[in-house]
Amino acid sequence: MSSSDALSDALAQLDALRAEGLAAFESAGSPEAVESARVEYLGQKHGRVKAAQERLKTLEPASRKGYGQRFNAVKTDLESACDAARSRVERKDVAVGAIDVTLPGIRPRQGHRHPLTQTADELIDLFGRFGFAVARGPEVEDVRHNFDALNIPPSHPARDPLDNFYLAVGGKSAPGGAGSPTGESAMLRSQTSTVQIRVMESQPPPVRVIAIGRVYRPDTVDATHSFMFHQVEGLMVDRGVTMGDLKSVLRLFARAYLGKDVTIRFRPSFFPFTEPSVEVDMLWHGGNRWVEMGGAGMVDPNVLRAVGYDPDEVTGFAFGLGIERLCMRRHGIDDIRLLYQNDVRFLRQF
Ligand code: FA5
């Protein structure tokens with residue numbers, strides 16, 4: 001074959017390569033098909049364009065310029081056909097797929113704390129400003145902290161198994177015999193007053209703490225009662241603490257948390273661990289009935305003695321308020337059950 005025949009044969013093959021390559025890229029309908037055409041034609045090692053480039057070396061020097069120019073044009077054409085095919089199938093993917101990046105985004109809904117958590121956080125904040133630190137105690141308690149140390153004797157009706165959730169933990173009777181009337185030594189605490197004892201056992205006076213947490217009672221559920229609810233306990237022990245201090249702190253608190261126009265009243269009452277004792281009521285929204293907010297009183301000398309404090313040296317007050325009821329009064333909620341149903345239509349309002 002003469003050198004000019006060899007050149008025209010090589011050029012014809014280049015043209016054929018170009019035509020086949022363009023057809024392959026044009027007909028590729030998916031990213032996978034474009035990729036396989038790219039490997040076949042433009043692959044670095046075994047691609048057909050690479051083979052065509054190798055052919056340059058087999059030509060006479062005089063033919064190389066002409067071949068080289070045509071080769072470059074073919075290569076550029078196939079590369080742009082490959083790019084065009086790629087963006088065509090990618091656009092198509094977007095159209096049929098789930099994501100259209102050109103659409104405005106969906107703003108994620110921002111959550112917030114549950115109204116009971118908001119109340120608890122606000123109580124910590126408010127009482128913190130009155131100088132009360134936060135104390136904690138366990139929800140699974142022993143009967144000593146729930147009753148005995150609080151001056152509630154074994155015969156007291158508050159210990160009735162129908163009014164408490166006793167737990168049979170590690171056998172029935174407690175060492176030393178202290179237990180429920182049916183012998184259990186552990187229970188789900190029925191009041192946060194247990195934390196009063198734990199705090200006083202662990203430090204000398206003065207004391208100024210609040211404790212917030214869950215308590216459990218097998219009460220019949222209604223609009224203001226649940227079998228699990230939250231209390232905030234307050235305890236202040238120091239020289240010369242009086243009932244006047246207790247009333248001022250609770251009045252200041254009610255004003256700060258519930259607002260200026262919420263009326264509270266103190267009603268004489270009885271708790272084994274305070275003397276004298278009061279119930280604290282708040283005028284409910286609507287203004288035509290009182291709802292109990294909590295109990296309070298001056299820490300009974302027997303309780304101070306039981307934790308090793310000297311009742312001739314120090315006196316103290318304590319209170320225990322229902323957090324659900326505070327939250328309900330604050331927000332005008334009428335039924336305690338709404339706070340536990342986790343219905344976002346309700347929760348979103350707070
Ligand atoms: C007590 O639990 C005492 N430990 C309070 C106390 C503390 C007195 C310190 C003296 C000194 P009481 O059983 O009354 O008291 O409950 C206190 C408050 O908890 C009630 O006023 C009410 O607001 C709330 N509460 C009681 N039972 C329930 C219930 N089943 N569901 C929702 N809240 C309740």
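Good morning, colleagues. I begin with Pro276, which is found in strand β8, residues 274-283. Strands (E, at least two residues) and helices (H or I, at least four) are DSSP runs, numbered from the N terminus. The peptide bond from Glu275 to Pro276 is cis, with omega near -5 degrees.

A word on the source. This is a predicted model, in which local features need pLDDT of at least 70 and side-chain atom pairs count only at pLDDT 80 or more, while totals for chains, interfaces and linings use all residues. Residues are numbered from 1 along each chain as its sequence is written, and side-chain values use heavy atoms, with hydrogens and water left out.

Pro206 is placed in the loop between α7 and β5. For context, most peptide bonds are trans, and most residues other than glycine have a negative phi.

Two asparagines have a positive phi. For Asn151, phi is about 65 degrees; Asn151 lies in the loop between α6 (143-146) and β3 (166-167). With a relative accessible area of 27%, Asn151 is partly exposed. On this scale, buried means under 20% relative accessible area, exposed over 50%, and partly exposed in between, using a 1.4 Å probe and protein chains only. Asn342, with phi near 60 degrees, is found in the loop between α10 and α11 (344-347). Asn342 counts as exposed because its relative accessibility is 57%.

I turn now to the ligand. Which residues are closest to the ligand? They are Gln191, Arg217, Asp219, Ser226 and Glu292, out of 25 residues that surround it. By class, the shell has eight nonpolar, 12 polar and five charged residues. Here Ala, Val, Leu, Ile, Met, Phe, Trp, Tyr, Cys and Pro count as nonpolar, Asp, Glu, Lys and Arg as charged, and the others, Gly among them, as polar.

Which elements supply at least two residues of the shell each? They are α7 (193-202), β6 (228-238), β9 (290-299) and β10 (315-322). Strand β9 gives the most, with five residues.

Several atom pairs fall within the limit for a polar contact, a pair of N or O atoms within 3.5 Å; within protein, one must be able to donate a hydrogen and the other to accept it, and residues adjacent in sequence count only if both atoms are side-chain atoms. A polar side-chain atom of Asp219 lies 2.8 Å from a nitrogen atom of the ligand. An N or O atom in the side chain of Ser193 is 2.9 Å from a ligand nitrogen atom. From Gly294, a backbone N or O atom lies 3.2 Å from a ligand oxygen atom. The protein covers 94% of the 680 Å² of accessible area that the ligand has on its own, as given by the Shrake-Rupley method with a 1.4 Å probe; for residues, only the protein chains shown count as cover.

Helix α7 is mostly covered, with seven of its 10 residues buried; among them are Ser193, Thr194 and Val195.

Finally, Ile323 lies in helix α10, residues 323-331, and counts as buried because its relative accessibility is 1%. Ile323 and His230 are 93 residues apart in sequence and 5.3 Å apart in space, C-alpha to C-alpha. Thank you.

Definitions and conventions: Near = heavy atom within 4 Å.
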